[in-house]
Amino acid sequence: MPDQLLFGMEVFLNGLMAGVLYALVALGFVLIYKASGVFNYAQGVMALFAALTLVGIMEGQVPFAHLINATLGTEIHHFGWHLPGIVAILLTMGVMVLLAWAVNHFVMRHLVNQEPIILFMATIGLAYFMEGFGDLMWGSDIKKLDVGLPQGMSTVIDEVTYGWFGYGFFIDNLDIVATVIAALLVVALTIFSQYSKQGRALRAVADDHQAALSVGISLKFIWVLVWSIAGFVALVAGIMWGTKSGVQFSLSLIALKALPVLMLGGFTSIPGAIVGGLIIGVGEKLFEFIVGPMVGGATENWFAYVLALLFLVFRPQGLFGEKIIERV
Amino acid sequence: MNQISDEGYITADGRKIGAVMMEMKNITLRFGGVKAITDISFDIRQGEIRAIIGPNGAGKSSMLNVISGFYIPQEGEVWFHGKKRAPMRPFQVAQQGIARTFQNIALFEGMSVLDNVMTGRLTHMKSGMLSQAIWKGKAEREEVANREVVEKVIDFLEIQAIRKTPVARLPYGLKKRVELARALAAEPKLLLLDEPMAGMNVEEKEDMSRFILDVNDEFGTTIALIEHDMGVVMDLSDRVVVMDYGKKIGDGTPDEVRNNQNVIDAYLGVAHD
């Protein structure tokens with residue numbers, strides 16, 4: 001097989017893996033949008049916040065250390081413990097549930113029945129607040145996150161593909177883990193929403209608030225539940241991105257990449273978020289590989305947005321979204 | 001009708017009506033400066049079909065919304081099963097065993113008929129999220145038991161043929177019937193119907209009347225309904241409350257109400273001089 005084609009295949013596979021990470025962030029958006037009609041701009045920041053909290057708890061960092069030290073004149077930074085990854089993840093999940101409750105109690109509860117644009121604006125505010133709050137709580141330096149996930153080149157794939165083609169593919173172990181986890185997450189979410197009591201209630205709330213109330217569903221409970229699940233998805237995304245490129249504030253910008261993913265997949269479809277993520281991931285890498293050299297590279301920065309723009313023009317509901325029909 | 005005692009009464013067609021189940025005491029409901037309901041009291045007895053009628057804007061729907069917790073009255077008390085009810089949210093009212101339908105139909109349009117009716121069982125599902133994940137068997141048994149009730153309701157309302165159809169595709173009359181099915185699936189103590197026959201043709205109205213009577217007969221469900229169509233109401237109900245401009249102007253058997261001068265005036269209009 002010609003080298004160029006093999007290299008292209010490797011790029012394709014790497015694109016798929018990158019797409020999984022986009023899909024993870026997009027998934028969080030879809031969940032909240034489906035259940036409450038809120039486009040949660042803060043989803044990306046939630047992933048950042050989750051990752052920051054995870055690192056903080058694992059390393060025994062004192063929250064608000066700068067603030068405490070500045071006001072009390074002390075010099076405390078660490079509790080002096082190192083927690084195992086799994087314990088820290090569980091504790092962080094607790095924090096995300098608390099956050100979900102707080103978001104509903106202090107923000108969303110007061111905006112029931114408001115226009116979608118107002119809810120959207122509220123989540124923009126929330127995003128900036130959480131970014132600042134995360135900074136204040138854990139500091140703004142880039143942190144290393146290692147919860148014990150395998151990293152580095154997968155030697156198995158390298159050897160197998162070398163045996164097949166005489167050319168070893170470079171695939172990161174972490175990407176493989178991310179793919180498996182994303183798949184499990186989608187399966188779990190689908191089973192939950194289709195077969196559990198709360199899942200059925202969640203779909204009911206997404207469909208009609210009044211009817212949901214009349215069959216005995218507490219909207220407040222469902223909203224906290226949805227934001228908690230979105231928090232959980234954000235945590236998973238935060239762990240993956242954080243392990244890959246360190247926990248840093250540019251992580252919240254990844255949320256912007258989720259937008260084209262959503263425009264492709266449709267805002268209301270869980271499979272859409274996954275497929276959209278994969279298409280963007282692969283498209284962006286292949287485009288850079290094929291067209292990049294002709295235009296001087298750096299196509300990855302804009303490819304996703306141009307693709308999204310085309311979709312907005314020709315298929316506004318996305319690949320899997322509900323068709324928008326206006327009855328008159 | 002015989003005299004109403006504390007224990008109840010016997011209807012004209014020989015059905016036995018029980019003690020008071022729900023009592024509204026001096027309910028007043030205001031929206032800003034507008035009084036939707038002014039000082040209204042009435043009761044609903046075990047096993048009876050109770051109608052609330054009145055011209056447009058009389059406050060009938062508001063009254064139903066007070067019973068189902070969608071509105072909280074500024075004055076007055078709601079008593080249910082001999083206990084004063086604290087102001088509560090609609091979902092809590094539903095959990096107490098009061099199911100309802102809506103004038104403008106509130107179904108889950110994206111779900112199938114079966115799924116819609118299944119949501120009516122939510123208040124009966126005990127297993128929490130964790131136990132559902134861990135004790136798969138228990139959750140499954142519960143699901144099966146709930147499905148049995150749902151299938152019974154679906155058979156009863158003769159909607160077997162459309163059980164897998166997405167609700168959005170159904171015609172209006174069938175949607176109304178699915179909504180009734182969802183309310184019935186909750187096995188409610190009290191069933192509230194907000195204009196169950198609005199917008200229906202004669203045939204559909206007859207079907208719906210039959211279902212309402214059958215529900216009451218078969219399951220002994222207490223029913224409170226709002227209706228516009230005087231003829232239908234008089235045939236269906238055991239006792240009727242008549243409202244006009246937010247006030248109660250009549251209360252009694254269909255015959256009593258029909259001969260009540262205030263009611264005749266409200267419906268036919270009266271010359272003011």
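Of the 273 residues of chain B, 40% count as buried. Keep in mind as you look around that this is a predicted model. In chain B, contacts between residues at least 6 apart in sequence are made in 66% of cases by residues at least 24 apart. The secondary structure of this chain comes to 10 helices and 12 strands. With a radius of gyration of 19 Å, close to the 19 Å that the globule rule gives for 273 residues, chain B is as compact as a globular protein of that length. If you follow the C-alpha trace of chain B along its principal axes, the spans are about 70 × 40 × 40 Å.

How is chain B divided into domains? Domain 1 takes in 1–97 + 188–273, and domain 2 takes in 110–185. The centres of these two domains of chain B, taken over C-alpha atoms, are separated by 27 Å. Where the domains touch, domain 1 of chain B supplies 11 residues and domain 2 of chain B supplies 8 residues. On the domain 1 side, the elements that give two or more residues are helix 2 (90–95) and helix 7 (202–219) of chain B. Helix 7 of chain B provides the largest share of that side, 4 residues. Sorted by class, the side of domain 1 of chain B that touches domain 2 of chain B has 8 nonpolar, 2 polar and 1 charged residues.

Now let us turn to one strand of chain B and its partners. Strand 11 (residues 239–244) of chain B is mostly covered, with 5 of its 6 residues buried. Which strands are joined to strand 11 of chain B, and do they run parallel or antiparallel? One is strand 5 (residues 49–53) of chain B, which runs parallel to strand 11 of chain B and is joined to it by 4 bridges. Here you can find B:Ala51 standing opposite B:Val240 of strand 11 of chain B. Another is strand 12 (residues 247–252) of chain B, which runs antiparallel to strand 11 of chain B, with 5 bridges joining the two. In this pairing, B:Val241 stands opposite B:Asp251 of strand 12 of chain B. Strand 11 and strand 12 of chain B form a hairpin with 2 residues between them. In the turn of that hairpin, B:Tyr245 has a positive phi of about 45°.

Is helix 1 (residues 60–67) of chain B mostly covered or mostly open? It is mostly covered, since 7 of the 8 residues in helix 1 of chain B are buried. The buried residues of helix 1 of chain B are B:Lys60, B:Ser62, B:Met63, B:Leu64, B:Asn65, B:Val66 and B:Ile67. After helix 1 of chain B comes B:Gly69, whose phi is positive, near 85°.

Next comes chain A. It has 14 helices and 0 strands, and reading along the sequence of chain A gives the pattern α-α-α-α-α-α-α-α-α-α-α-α-α-α. The radius of gyration of chain A is 21 Å, close to the 20 Å that the globule rule gives for 328 residues, so chain A is as compact as a globular protein of that length. Its C-alpha trace spans about 65 × 60 × 40 Å along the principal axes. Buried residues account for 42% of the 328 residues in chain A. Among the contacts in chain A with a separation of 6 or more, 73% are between residues 24 or more positions apart.

The complex receives an ipTM of 0.83 and a pTM of 0.81. Chain A averages a pLDDT of 86, with 97% of the residues scoring at least 70. Among the elements of chain A, helix 6 (residues 155–165) has the lowest mean pLDDT (82), and helix 4 (residues 85–106) has the highest (93). For chain B the mean pLDDT is 88, and 94% of its residues reach 70 or more.

Key: Residues numbered from 1 in each chain as written. Chains lettered and ligands numbered in written order. Predicted model: local features only at pLDDT ≥ 70, side-chain atom pairs only at ≥ 80, totals over all residues. Rg over C-alpha atoms; globule rule 2.2 N^0.38 Å. Buried ≥ 20, exposed ≤ 12 C-beta atoms within 10 Å, placed from the backbone. Contact = placed C-beta atoms within 7 Å. Domains from an automatic or database assignment. Nonpolar A, V, L, I, M, F, W, Y, C, P; charged D, E, K, R; others polar. Pairing = 2+ DSSP bridges. pLDDT = per-residue confidence, 0-100.
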